[in-house]
Each structure stands twice: as structure tokens, then as C-alpha cells.
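Hi,

Here is the structure I promised to pass on. Have a look at it first, and my notes follow below.

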Amino acid sequence: MSDSPEKDPAHSDVMRLDREVGVGGELGRRVGEWSATWHRVIADMGATDTDDLDVLISARDEALKQTDPHEKLIPRDDNGSPTFRAQYAAHWLMAENHHHTHPNFQQLIPTGPHGMRPHFDRLDAIVDKLIAERKAERFPYHLDEAQLPQAPQNMPPSLERGGVEHAMFLMNTCYYMRGGIKSVAAFRSLSALYEQQPDLFDAHRAQSMSPDFVQGHLAAFGLNYKSAEVSKSWIENSRRMVETYDGDPRKIFRGDIDYDELLSRIRNQDGRGFIGFQKKMASMLSYYLMSDGLVPYRDYPLPVDFHVLRVSAANGIVTFDRPAENGNILSDDVLDMLREMYRDYSVTHNVSQLDVCDAVWSLSAAVCGKQPGNIWLEPDKANGRSGRSTLIHPLKIDLNDPRQQRMYRDSCGLCPLEETCQTNYPSKPYYVAGEMRGSPRIRFPKDTLF
Ligand code: SF4
């Protein structure tokens with residue numbers, strides 16, 4: 001017979017899960033059962049003193065079979081694995097409750113250099129809201145600025161849609177999805193380049209071009225960002241595309257492959273894949289090809305870029321116990337975590353990841369950069385940038401400045417996330433220094449706005 005709920009350890013586990021990572025209710029209870037079984041299985045295996053991660057994980061999998069033999073209680077993804085949030089919550093409980101005997105449980109909790117922590121309840125609330133607002137075409141989704149980079153008006157007018165040319169064009173846009181240039185601007189410049197030099201986008205032809213020729217064309221269309229590096233990758237990746245996929249990126253996706261296989265085909269590793277393509281670019285390419293209907297939809301994790309990270313961190317979908325002294329929270333770990341979290345939302349809510357990604361991305365791309373707290377100045381702009389030493393500084397906030405009041409009114413003042421958004425994440429430090437620097441978001445009093 002169990003104690004009252006308040007004294008029941010299982011009940012307190014579920015309460016803590018809910019409070020700390022936002023996994024509550026029925027799922028929290030089931031995860032609590034899974035982790036209690038996991039602990040019992042470790043004891044049954046005579047492994048109470050072990051810290052061998054392989055043993056702990058095999059105990060976890062056995063405990064899952066015992067807790068959910070018909071795979072109906074713990075939600076699963078397309079591969080039949082527990083969803084990211086269920087797995088994260090089970091790991092979190094074990095690490096919290098048993099770190100003295102099994103310190104290695106901590107390794108199952110990715111925290112990255114800045115002590116990150118997911119909040120699944122906020123993820124659900126915020127994405128639910130943004131998807132509803134976008135569906136209803138309310139602010140900011142009706143604005144031109146909320147257009148996606150691959151919107152028809154940003155694509156080359158003469159590009160034939162639905163075939164290999166279309167897929168190769170999208171593959172080549174990925175070189176410019178790593179900062180340095182805004183996505184919409186990159187699409188427009190590449191479109192203009194395509195209209196003048198379509199052969200550059202034909203892998204069979206591009207593989208034999210010289211780096212100087214490619215770089216010269218990129219630079220002529222304003223695509224100077226890392227153009228020496230990009231031009232070399234462009235040529236070598238065209239060669240690899242021809243060698244392995246007959247010049248057609250759609251063939252990378254042949255065979256209804258899972259995410260691990262997709263990564264092994266795209267990632268530049270051990271002589272396979274494409275130069276400059278790691279997890280983010282694999283997600284970017286699958287997003288563009290799925291979004292334009294060139295390959296079938298599958299629940300591959302979708303790209304997390306500056307905009308998705310900005311909305312997520314500003315609204316506490318992920319929080320940080322140890323941001324850097326200058327507020328920087330950027331790391332590969334947080335991008336990985338958010339990719340998994342948004343995929344989890346899609347799986348658990350039966351919503352396409354394309355819709356999730358578009359709703360979150362467009363909000364930031366359309367309006368966050370207009371609010372005064374996200375504006376940084378670059379006094380020597382006319383002289384060009386000098387990498388990380390480029391001089392930049394934040395706009396001084398003045399609540400009484402009518403211009404700033406208008407800027408705030410037309411951005412945060414209308415934003416569906418105004419109440420939950422806590423932090424500024426300006427784009428300039430990201431594009432200049434590769435840093436995601438957070439600072440408290442200052443709210444302009446409502447009575448000054450209208
Ligand atoms: S409140 Fe402002 S900064 Fe925050 S998400 Fe909305 S527009 Fe962006």
C-alpha cells in the first residue's frame with residue numbers, strides 16, 4: 001500500500017519531472033514507472049554497483065519491454081523508439097535519483113557547455129500557439145517579411161520545377177545557410193546567378209569547373225561569404241554527387257531510409273557524404289527537398305538555425321544554467337537538442353515538421369530583429385567587416401524615444417509570444433562573431449505604444 005501521494009516517491013518523481021523539464025501528467029507517470037522498473041532490472045542483473053553505460057542502457061531497454069510490452073503506453077517515433085521527451089525524462093529521473101551509485105547516468109543527459117535544459121511543456125504551448133497563428137494568417141504570418149527563403153518569388157524564374165535541376169539548386173543554397181548572409185538574400189542572389197550561369201547548378205558540368213571560375217561568379221552576385229571555401233566545396237560536391245547519385249540529390253533519399261542512414265549518406269565523414277555537410281546541412285537539405293515535394297516527407301529532424309534558436313531560447317523552450325560571461329549560449333549541443341525537441345513535437349502532436357519549422361522560423365525572420373533590444377550597431381560598416389574584431393555594440397534603449405516605441409509596437413507589441421519572451425538575441429553578434437548573446441528583453445510600457 002502506498003503512502004499519501006505527497007510521500008510517495010514515485011509521485012514526487014513525477015512532480016519533479018513536471019517542474020524541472022515539463023513532462024507531467026500521464027506521460028510523467030508512465031516514465032516514472034519505466035524508471036522505477038529500470039532501477040529494479042539493474043538490481044535483478046546484480047549490477048547495482050556498476051557504472052558501465054552499456055549495462056545501464058541494456059537494463060533500460062529491458063525495463064521498457066517490461067513496462068510497455070505492447071508498445072502502447074510510452075509514445076514512439078517512426079522507428080519504434082521512445083520519443084525524445086520520454087527518453088530524456090527517463091534518463092533525467094535516473095540521473096537525479098541514482099547519480100551517487102551510477103555517475104554515468106549523467107552522460108545520458110546532454111547539457112553542453114552552458115548547462116542547457118529542455119522544457120517540453122513550453123515547447124508544446126509555444127509551438128501550438130505559433131502553428132495556430134500561422135494557420136489563421138495572423139501577425140506576423142501575413143507579412144511579406146514572413147516569406148520563406150524558398151518562396152516562389154525567390155526562386156529562379158526559368159528553373160524547371162520538380163526535377164533534378166530544382167533539387168541541385170536547393171542543394172547549392174545550403175552553402176549559404178550557415179550565417180554570414182540572410183537566407184532570403186542568399187536565395188535571391190543564387191537565383192540571379194542561376195539565370196546567368198545555369199551550368200553551375202548542373203553537377204555533371206560543375207564538377208569540371210575551376211575554383212576561380214566558380215568563385216568569380218559567386219562574388220559577382222554578392223555571394224562573397226566564404227566564397228573561396230564554398231567554390232571548392234561546390235566543385236568537389238558536384239563530383240561526388242555525380243559519382244554516387246548520378247548528379248541528382250533526390251537519389252540520396254532512395255529507399256525510405258531512416259535518419260541515421262540519411263546522415264551517413266550526407267555527412268562528410270570517412271570519404272562519404274559532402275564537404276561542409278554535417279547534421280545541420282543534412283536537415284537543411286531534407287527540409288528543402290521535402291518542402292518542395294522533391295522527396296517524400298519523413299520525420300527527419302529539421303534544421304535549427306539562428307532564427308529557430310532565437311525563438312526557442314528567448315521563450316525558455318531551452319534554458320541555460322551557465323551561459324558564457326557575454327551571454328553566449330551557442331553550441332552544437334543546443335542545436336542537436338532543439339532538433340530532437342521539434343521532431344518530438346511533430347511526432348507527439350502528429351504535425352508535419354515542415355509546419356513546425358516554418359512557423360517558428362518565420363516569426364523570428366519577420367519581426368524579432370525589429371525590436372529595439374535586438375538591434376546592434378556597426379559604426380564602421382562602410383569600411384567592411386574584419387571578422388570577429390568587427391566593431392559592434394547594442395542600441396542604447398530609451399523607453400521615451402518615440403522611434404524605439406514605434407519599433408517595439410510593430411514587433412513585440414503585436415507578437416503572439418510577447419508574454420513568454422524574456423531574452424534578446426540579436427543577429428549581429430551571430431553573423432559577425434558566431435555568438436548567440438542573450439540579454440534581458442526590456443518591455444516598453446503599453447501606454448507609450450498607442
Ligand atoms: S516578443 Fe519580440 S523578440 Fe520575442 S519572439 Fe516576439 S517579436 Fe521576437
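How many Å apart do the C-alpha centres of domain 2 and domain 3 lie? The answer is 28 Å. Please keep in mind that this is a predicted model. Mean pLDDT for the chain is 93, with 97% of its residues at 70 or more. The part to treat with care is residues 1-7, where pLDDT stays under 50; the model has 3 contacts beyond four places in sequence for that stretch.

On the layout: the domain assignment gives domain 1 as 9-109, domain 2 as 111-117 + 306-450, and domain 3 as 151-291. Where domains 2 and 3 touch, domain 2 supplies 9 residues and domain 3 supplies 8 residues. On the domain 2 side, the elements giving two or more residues are α14 (332-349), α15 (353-366) and α17 (427-433). Of these, α14 gives the most, with 3 residues. By class, that side of domain 2 has 6 nonpolar, 1 polar and 2 charged residues.

I also looked at a helix pair, α2 (residues 25-44) and α4 (residues 84-98). Their axes are 9 Å apart and the helices pack at an angle of about 55°, which means that α2 is oblique to α4. The crossing of α2 past α4 is right-handed. From α2, the contact includes Leu-27, Val-31, Trp-34 and Trp-38; among the residues they and their neighbours in the contact meet in α4 are Ala-86, Leu-93, Met-94 and His-98. The contact residues of this pair divide into 9 nonpolar, 5 polar and no charged.

Best wishes

Key. Residues numbered from 1 in each chain as written. Predicted model: local features only at pLDDT ≥ 70, side-chain atom pairs only at ≥ 80, totals over all residues. Domains from an automatic or database assignment. Contact = placed C-beta atoms within 7 Å. Helix = DSSP H or I, 4+ residues; strand = E, 2+ residues; numbered from the N terminus. Nonpolar A, V, L, I, M, F, W, Y, C, P; charged D, E, K, R; others polar. pLDDT = per-residue confidence, 0-100. Axes fitted to C-alpha atoms, helices over the stretch in contact; angles between N-to-C directions. Parallel < 35°, antiparallel > 145°, perpendicular 65-115°, else oblique. Left-handed = near helix turned anticlockwise from the far one by under 90°.
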